[in-house]
Amino acid sequence: MTITEAPAPRRPGPVVLIRGFVAAGVAGAAVACVVVGIAIGNVALWCVGGGLLVLTVAAMTVVGRLKRARTPPREKLRALAMIESRRATSGESADVPIRFVLTVAPDDRAAYRVEFSQSINLVDVPDYRPRGIVVVEYPADEPWAVRIITEPDQEWAARAAEALLDSAPESSLVKDPTKWCSCCLIGVAGILIGAAIVVLLFRAELFRDGDGDRLKSEGTGSSSSSTSTSSTSTSSSTTSSSSTTTAQTSESMLQDGRMRRTAAEMIAAHSPIAVEFSIEDHRMSARGVGPGESTAPPIDLRTLPYERLPGLVREARITFGVSDGGTWRIDVDHDPKTKALLFRVTVSDSHRSAFLLADALGRATRHGAR
């Protein structure tokens with residue numbers, strides 16, 4: 001049998017393409033969950049992303065092994081070949097990758113050229129000189145997948161020692177006709193689409209803080225009785241009645257930087273010193289010393305570790321299994337014995353209620369269920 005044209009390309013079927021697209025999309029979404037979860041401080045999100053990524057890799061590994069187990073072994077043919085050229089591509093180990101160009105002369109078809117790489121032990125490299133005859137092996141349906149047999153049996157070794165071969169023309173060079181460009185493009189598209197879906201779902205948490213800082217830098221109106229800041233995503237107002245100052249905001253106080261910005265607005269409208277201070281999801285309240293009241297230990301609103309407080313709320317919820325949809329409250333007070341500043345974080349949902357105590361640096365010291 002003589003080769004008259006290159007074998008027809010083996011294009012992947014629609015099932016392979018769909019399966020690859022779904023796997024790539026899930027992998028892209030999983031990686032995006034990890035990155036977005038870390039960026040917005042959502043522990044549950046990046047844990048889900050990491051678990052999903054592990055499951056995707058495990059599923060793809062199992063499917064690949066099952067496919068290989070079901071595929072029958074392919075018939076392999078042997079032939080003599082003459083080395084046209086060789087070129088080492090690196091030499092960092094005992095086995096040197098060498099780029100060969102061979103003329104392969106099968107017994108049942110016309111001779112042809114093939115180019116491939118194979119690692120050869122450094123000691124054996126001199127045995128593979130140009131114009132030398134070697135024994136090769138290749139699958140019957142893939143004549144381009146040639147491998148040199150370094151230790152052929154006695155029969156083939158004798159044939160190689162006696163054979164004289166002529167060079168095949170360069171036009172007879174056989175290459176792998178398989179087209180995988182479509183698979184690569186579909187895989188990249190799946191990864192990008194999966195990642196984009198996750199980013200779009202959490203775009204508010206990712207970009208809200210940057211918008212809030214920009215709007216704040218443009219300026220806010222303030223007076224002794226009220227202060228207000230508004231935008232498309234945030235509406236904050238501060239009112240003062242008697243010795244109590246209350247701030248309302250449409251943003252959750254758990255958003256990065258929201259607590260400190262709201263406290264700064266309250267301080268500008270009233271005073272940095274309070275005797276009672278509390279924070280809820282959309283509300284912050286501070287009470288100063290009223291007329292006729294005894295002096296209580298002061299709370300300096302400028303020194304509180306606002307950046308650590310959202311983490312205390314998440315820790316209390318995770319420790320006692322309280323859902324994120326429940327309510328929470330932080331009360332700032334002083335220890336009755338040591339007079340040291342402490343934070344009491346209370347979380348609750350329809351099933352349970354719990355609390356957490358933290359010191360002045362925002363470090364949890366005690367947990368308890370209510």
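Reply: In helix H6, the buried residues are Arg258, Met259, Arg261, Thr262, Ala263, Glu265, Met266 and Ala269. Buried means under 20% relative accessible area; exposed means over 50%, and partly exposed lies in between (1.4 Å probe, protein chains only). Helices (H or I, at least four residues) and strands (E, at least two) are DSSP runs, numbered from the N terminus. An α-helix has 3.6 residues a turn, so residues three or four places apart point the same way.

The model is predicted: local features need pLDDT of at least 70, side-chain atom pairs need 80 or more, and totals for chains, interfaces and linings use all residues. Residues are numbered from 1 along each chain as its sequence is written, and side-chain values use heavy atoms, without hydrogens and water.

Check the length of H6 next. Its 12 residues, 258-269, should span 16 Å at 1.5 Å a residue. The expected span is 1.5 Å times one less than the number of residues. The end C-alpha atoms of H6 are 17 Å apart, which agrees.

Now the charged pairs. The whole structure holds 16 salt bridges. Each is a side-chain nitrogen of Lys or Arg within 4 Å of a carboxyl oxygen of Asp or Glu.

Take Glu84 and Arg113. Their closest N and O atoms are 3.7 Å apart. The bridge links distant parts of the chain: Glu84 sits in strand E1 (residues 76-88), Arg113 in strand E3 (residues 112-121), 29 residues apart. Glu84 counts as buried because its relative accessibility is 18%. Arg113 is buried too, at 14%.

Glu276 and Arg287 form another bridge, 3.1 Å from N to O. Glu276 belongs to strand E12 (residues 276-280) and Arg287 to strand E13 (residues 283-287), 11 residues apart. Glu276 is partly exposed at 44%. Arg287 is partly exposed at 21%.

Arg329 bridges to Glu280, with the closest N and O atoms 3.1 Å apart. Arg329 lies in strand E15 (residues 327-334) and Glu280 in strand E12, so this pair ties together parts 49 residues apart in sequence. Arg329 is partly exposed, at 31%. Glu280 is partly exposed as well, at 26%.

Back to the helix. Salt bridges that share partners join Glu251, Arg258, Arg261 and Glu265 into one network. Among the buried residues of H6 are Arg258, Arg261 and Glu265.
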